[in-house]
Amino acid sequence: MVSKTELQASSIINLVYSGKLKEANKKLQKLPRTHFFYFVSGWIAQLQGKHQKAISLFEKSLVKNPLNVDALIGLSTSYLYFRDTERSIECAEHSVLLESKNPKTHLALGTALAKSRKTQKALTSFAQAFELAHENVGLPHRNEILKDVLTSWGACYVDLRQFEEAQKLLELALRMSET
């Protein structure tokens, strides 16, 4: 049986995914100050472009739960905003160590590696992320994850000036967006 808190959390996450940040934040304020609260607050801050605030909130989430992979991914992404690729890669690698079967961890690592111009390693991470997301049909928000992976993967090939491969991946991402 699903608890009331789990239902509230799921509802809040769906609101964030659909871009209803004010509504999500309003519901979030009613929850206790757990790692989930700080993670989602950080996620909302990040989506609003408040990356320093996001970093602080993700760090608070990790204090409450050091195994919160989503907070590590958020932290990795916010560090990229400040061009701190070293810390971004560190957070993403830690997330992969914690959840090697999670495509989002490999996507985060690929993104951090690509931003630091470690393109070949990034391609490997994107390929792993795609394989994991593609295999896991029941993955929540699977199509969004696949589109993000394909877009980032394609951009990596653009950086390598391998335009045919980039075009294939980006066209697939575009077709997925149309469905």
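Author: Gladly, and we begin with how elements are named: helices (H or I, at least four residues) and strands (E, at least two) are DSSP runs, numbered from the N terminus. In this predicted model, the largest share of the lining of the largest pocket, eight residues, comes from α5. Residues are numbered from 1 along each chain as its sequence is written, and side-chain values use heavy atoms, with hydrogens and water left out. Because the model is predicted, local features need pLDDT of at least 70 and side-chain atom pairs count only at pLDDT 80 or more, while totals for chains, interfaces and linings use all residues.

Reader: What is the mean pLDDT of the protein chain, and where is confidence lowest?

Author: pLDDT is the predictor's confidence in each residue, from 0 to 100. Where it is low, the predicted coordinates should not be read in detail. Here the chain has a mean of 91, and 96% of its residues reach 70 or more. Confidence is lowest in helix α1 (residues 4-17), with a mean of 77, and highest in α6, at 98.

Reader: Which residues lie nearest the centre of the largest pocket?

Author: First the idea: rolling a probe the size of a water molecule over the atoms shows where empty space is left. On a 1 Å grid over the protein atoms alone, a pocket is an open set of points where a 1.4 Å probe fits, with protein on both sides within 12 Å along at least five of seven lines; lining residues have an atom within 4 Å of a point. Grid points are joined across faces, edges and corners, and a volume is the space filled by probe spheres set on the points. The largest pocket holds about 1100 Å³. Its lining counts 38 residues, and Tyr17, Trp43, Asp70, Ile73 and Lys104 lie nearest the centre. The elements that give two or more residues to this lining are α1, α3 (35-47), α4, α5, α7 and α9.

Reader: Is Ser61 buried or exposed?

Author: Buried means under 20% relative accessible area, exposed over 50%, and partly exposed in between (1.4 Å probe, protein chains only). Ser61, in helix α4 (residues 51-64), is buried because its relative accessible area is 0%. A polar atom of the Ser61 side chain lies 2.9 Å from the backbone oxygen of His35; a polar contact is a pair of N or O atoms within 3.5 Å, where within protein one must be able to donate a hydrogen and the other to accept it, and residues adjacent in sequence count only if both atoms are side-chain atoms.

Reader: Which residues touch the most other members of the largest nonpolar core?

Author: A nonpolar core is a set of buried Ala, Val, Leu, Ile, Met, Phe, Trp, Tyr and Cys residues joined through side-chain atoms within 4.5 Å. The largest one has 28 residues, and Phe126 and Trp153 touch the most other members. Helix α9 gives the most to this core, with seven residues. Contact means heavy atoms within 4.5 Å. Leaving aside neighbours within four places in sequence, the contacts of Phe126 include Leu107, Val149 and Trp153.

Reader: Where is Arg83 found, and what is its phi?

Author: Arg83 sits in the loop between α5 and α6. Its phi is positive, about 60 degrees, although Arg83 is not a glycine.
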